[in-house]
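Q: I have a structure open here and would like to talk through how it is put together. Could we start with the strands and then move on to the packing?

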Amino acid sequence: MESELKDLNSKQLKSTASSDDGGSAKDDRPLLKPDAAENIQELEKKFAPYVRNDVYGTMGRGELPLAEKFLIGIAMVTLLPIRVVLAMTVLVIYYLICRVCTLFSAPNRGEDEQEDYAHMGGWRRSVIVVSGRFLSRVMLSVLGFYWITETFRILDVQEKSENEAKNQSKDEDEAKDQDEESGRPGAIISNHVSYLDILYHMSSSFPSFVAKRSVAKLPLVGLISKCLGCVYVQRESKSSDFKGVSGVVTERVREAHRDKSAPMMMLFPEGTTTNGDYLLPFKTGAFLARAPVLPVILRYPYQRFSPAWDSISGARHVFFLLCQFVNHIEVTSLPVYHPSQQEKDDPKLYAENVRRLMASEVWISSCTKAELLTSN
């Protein structure tokens, strides 16, 4: 430590000495470097996934038009209080359902102090799942998502024929392995645009998520997260605990792939939210299990306020979202992605290939929309 301080002091002395020597001469050097424009362009590209392009401006603090202020004023008096009451009612109802279904039953306790009710079977689990999916859809309707456009991509005829030809050329052992891997995916892989993603996936497939350990202690939401089977991680610390949680996620993905009754994992490999126009590099945690995954792409088309939770505070985002009369979700489900042997051996390659597949789908859909707009 002392040597570092000495080096730092010596550098500071040299810099001050050089400035003293040339102190009499006028310093005409520009404040910005000649390549400052290039640096600004690089910064714009780097932070482009987090830039808000809606009417509300950067961080939701832009100057609003008079018409927009008028609409917000009306929504504050009429729509906002109604939605708050309805949303809290739905949350309390589902909490009570989870409380009744988990009475006299201990949570499943796993590694690293993980606990969940997702492995609970029988009628209790069925009630939790069915009511959870229904009430999640009700909650989305309360928030203004009255219609959800869902598109399911299927394999092309050419791709099917190629896969069939490959399967016929394999021997019996490889065919058995292929049959075992043709089951349901171990995890759902989705881009992350907003906390609203969780509500949609709950209404669609009711999977388990990765959440902060503090979520388990929150009122109402804590019990619901345990019924979802969330895997808790202490994100505030960089201890060996993170490695343990990664192992739990891997085991859960493998379990979901092998056992149809096990809760499926829902993972956001980007690790953070964006504005929905970009896909960040994927982390490899979702692909360490070497199990098939189901890629899902979420979009939130908007005209005024973007539901993306990128560079805006949570309270401001909830306020503007509740004041918007109608919100939209577009969902694209791609075919189940079965990794090759090379991808199984290299999780980074596996993650990058899935990301490229999803990015190509986003690019194709954006080009299609652009063509429709230009034609109109």
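A: Gladly, with the caution that this is a predicted model. There is an open sheet of five strands, which follow the order 3-9-8-4-7 with mixed pairing.

Q: OK, and which strands stand at the edges?

A: Those are strand 3, residues 148–152, and strand 7, residues 265–267; each has a single partner strand, so one side of each is left without a neighbour in the sheet. From one strand to the next, the twist averages 20°.

Q: In which sense do strand 4 and strand 8 pair?

A: Strand 4 (residues 187–190) and strand 8 (residues 293–299) run in the parallel sense and pair over four bridges. Within that part of the sheet, valine 296 in strand 8 is the residue that serine 190 stands opposite.

Q: Which helix lies across those strands?

A: Helix 8, made up of residues 196–204, lies across strand 3, strand 4, strand 7, strand 8 and strand 9 (329–333), and its direction makes an angle of about 125° to strand 8.

Q: Switching to packing: which residues touch the most other members of the largest nonpolar core?

A: Leu143 and Phe145 do, in a core of 50 residues. At least two residues each are supplied by helix 4 (79–101), helix 5 (122–142), helix 8, helix 9 (221–228), strand 8, helix 11 (314–322) and strand 9, and the largest share, seven residues, comes from helix 4.

Q: And what is phenylalanine 145 in contact with, leaving aside its neighbours within four places in sequence?

A: Its partners on that basis are Arg137, Leu140, Leu196, Tyr300, Pro307, Leu321, Asn327, His328 and Ile329. There is also a second, separate core of 25 residues, with Ile297, Tyr350, Ala351 and Val354 among them.

Q: New topic, aromatics: how many pairs does a search of the whole structure find?

A: The search finds eleven aromatic pairs. In one of them, tyrosine 146 and tryptophan 147, the ring centres are 5.8 Å apart and the planes are at 75°, so the pair is edge-to-face.

Q: Why does 75° make it edge-to-face?

A: Because planes over 60 degrees apart count as edge-to-face, and the planes of tyrosine 146 and tryptophan 147 are at 75°.

Q: Is tryptophan 147 buried or exposed?

A: Tryptophan 147 is exposed, with a relative accessible area of 57%, while tyrosine 146 is partly exposed, at 35%.

Q: Which residues form an aromatic cluster?

A: Tyr56, Phe305, Phe319 and Phe320 form one.

Terms used:
Residues are numbered from 1 along each chain as its sequence is written. This is a predicted model: local features need pLDDT of at least 70, side-chain atom pairs count only at pLDDT 80 or more; totals for chains, interfaces and linings use all residues. Side-chain values use heavy atoms; hydrogens and water are left out. Rings of Phe, Tyr and Trp (its six-membered ring) pair if their centres lie within 6.5 Å; planes under 30 degrees apart count as stacked, over 60 as edge-to-face and the rest as tilted. Buried means under 20% relative accessible area, exposed over 50%, partly exposed in between (1.4 Å probe, protein chains only). Two strands pair if DSSP finds at least two bridges between them. Axes are lines fitted to C-alpha atoms, for helices over the stretch in contact, and angles run from 0 to 180 degrees between N-to-C directions. Contact means heavy atoms within 4.5 Å. A nonpolar core is a set of buried Ala, Val, Leu, Ile, Met, Phe, Trp, Tyr and Cys residues joined through side-chain atoms within 4.5 Å.
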